[in-house]
Amino acid sequence: MPKHILPLIPRELLVEQVILDAERIVINCRSRPPAPRCPSCRRASSRMHSRYRRRIADLPWQRRPVILCVHVRRLRCINRRCAQRIFAERAESFASGHARRTKRLRDIQRSVGLSAAKRALVSSSGSACRSAPTRCAGSSMPRVR
Ligand SMILES: [Zn+2]
């Protein structure tokens, strides 16, 4: 694994394989130890139940979409008093809940969406001023920053 791409991977993940093709980059990875904690009782467990793959879109590299294919462990809670029998390890630091994209991708997409909305608003308010200048004089116009 080339070291120069490692800072781009969330710290909690261990990269097992990087697959490059003409259309996208798929990064097969898994969580780093330590053992995850039960979300109900907070007790750590390493008793494996099963695994599944979670596909999470991340920031593109060189204009290619990136998919983090994370092998998620399902574990058994070892606390006999806990009502939660099985739980999946979480990726809350880089992707919330059952999100299909990383937080950093979500933030960038929101930012781009807001910028586009602001441009559209400025553009439409500009055309409104040209067509009906008195409509812009009141305080009802939204401020665009
Ligand atoms: Zn528990």
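**Reading a hairpin, a core and some positive phi values**

Biologist: Which residues does V66 touch, not counting residues up to four places away in sequence?

Modeller: Contact here needs two C-beta atoms, placed from the backbone, within 7 Å. On that count, V66 touches I25, I27, D58, L59, P60 and W61. This is a predicted model, where local features need pLDDT of at least 70, side-chain atom pairs count only at pLDDT 80 or more, and totals for chains, interfaces and linings use all residues. Residues are numbered from 1 along each chain as its sequence is written.

Biologist: What is the order of elements in the protein chain, from the N terminus on?

Modeller: Helices (H or I, at least four residues) and strands (E, at least two) are DSSP runs, numbered from the N terminus. The order is β-β-β-β-β-α, which gives 5 strands and 1 helix.

Biologist: In which sense do β3 and β4 pair, and over how many bridges?

Modeller: Pairing takes at least two DSSP bridges between two strands. Strands β3 (residues 48–61) and β4 (residues 64–76) have 11, in the antiparallel sense. R55, for one, stands opposite C69 in β4. The two strands make a hairpin with 2 residues between them, and Q62 in that turn has a positive phi of about 50°.

Biologist: Are R42 and R63 buried or exposed?

Modeller: Count the other C-beta atoms within 10 Å: 20 or more is buried, 12 or fewer exposed, in between partly exposed. R42 is exposed, with 9, and R63 is exposed too, with 5.

Biologist: Which residues make up the largest nonpolar core?

Modeller: A nonpolar core is a set of buried Ala, Val, Leu, Ile, Met, Phe, Trp, Tyr and Cys residues joined through C-beta atoms within 7 Å. The largest has 9: L13, I27, C29, I56, V66, L68, V70, A91 and A95. Over the whole protein chain of 145 residues, 12% count as buried.

Biologist: Where does pLDDT stay under 50?

Modeller: pLDDT is the predictor's confidence in each residue, from 0 to 100. The stretch is residues 134–139, with 5 contacts beyond four places in sequence. Where pLDDT is low, the predicted coordinates should not be read in detail. The protein chain has a mean pLDDT of 84, and 81% of its residues reach 70 or more.
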